[in-house]
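Subject: Structure handover

Hello,

Here is the structure for your files. My notes on it follow below.

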Amino acid sequence: MNFSVSRVGILSYFTMAMMIFIFVYIVILIKRLFFTNPSITLGSDYVISTKNQKYEATQIECIYMNYDRIGIKLHGRRLVPMDLCFYFDSSQEIEGLKHLNEWAEHNKKQVKQKFFQTLM
């Protein structure tokens with residue numbers, strides 16, 4: 001048997017492998033975008049937003065609550081940034097609100113039952 005690999009054959013296999021790799025990468029990105037829940041992390045004296053930005057407690061003015069929606073308002077801003085606006089799942093709501101109120105008390109921040117607007 002005689003095997004001959006031409007330049008065209010190698011190039012077509014390489015192109016096909018790259019297209020498969022790019023397709024798999026795009027599928028993984030779409031899965032992460034649509035099937036992961038954004039979360040806000042409350043540290044002892046900071047907050048990490050859904051966009052992974054860290055805000056110190058000194059930057060935070062107060063916490064607004066409007067029905068199920070919760071927003072963390074920053075000093076000097078009229079609107080709540082979208083990445084600091086969230087809500088709890090119904091299964092985690094009681095525990096989450098308890099933890100949020102403890103965090104606000106620890107950092108001396110007011111929790112207000114008030115309508116708020118978000119900033120995109």
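The radius of gyration is taken over C-alpha atoms, and the globule rule is 2.2 Å times the number of residues to the power 0.38. By that rule a compact globule of 120 residues would come near 14 Å, but the protein has 24 Å. Its C-alpha trace spans about 80 × 35 × 25 Å along the principal axes.

This is a predicted model, in which local features need pLDDT of at least 70, side-chain atom pairs count only at pLDDT 80 or more, and totals for chains, interfaces and linings use all residues. Residues are numbered from 1 along each chain as its sequence is written, and side-chain values use heavy atoms, with hydrogens and water left out.

The secondary structure comes to 2 helices and 9 strands (DSSP runs numbered from the N terminus: H or I of at least four residues for helices, E of at least two for strands). From the N terminus the order is α-β-β-β-β-β-β-β-α-β-β.

The whole structure holds 2 salt bridges (a side-chain nitrogen of Lys or Arg within 4 Å of a carboxyl oxygen of Asp or Glu). One joins E61 and K73, with the closest N and O atoms 2.8 Å apart. E61 lies in strand β4 (residues 60–66) and K73 in strand β5 (residues 69–74), so the pair ties together parts 12 residues apart in sequence. K73 is buried at 7% relative accessible area, and E61 is partly exposed at 32% (buried is under 20%, exposed over 50%, partly exposed in between; 1.4 Å probe, protein chains only).

The other salt bridge is between K54 and E56, at 3.9 Å, N to O. K54 counts as exposed at 51%.

Regards
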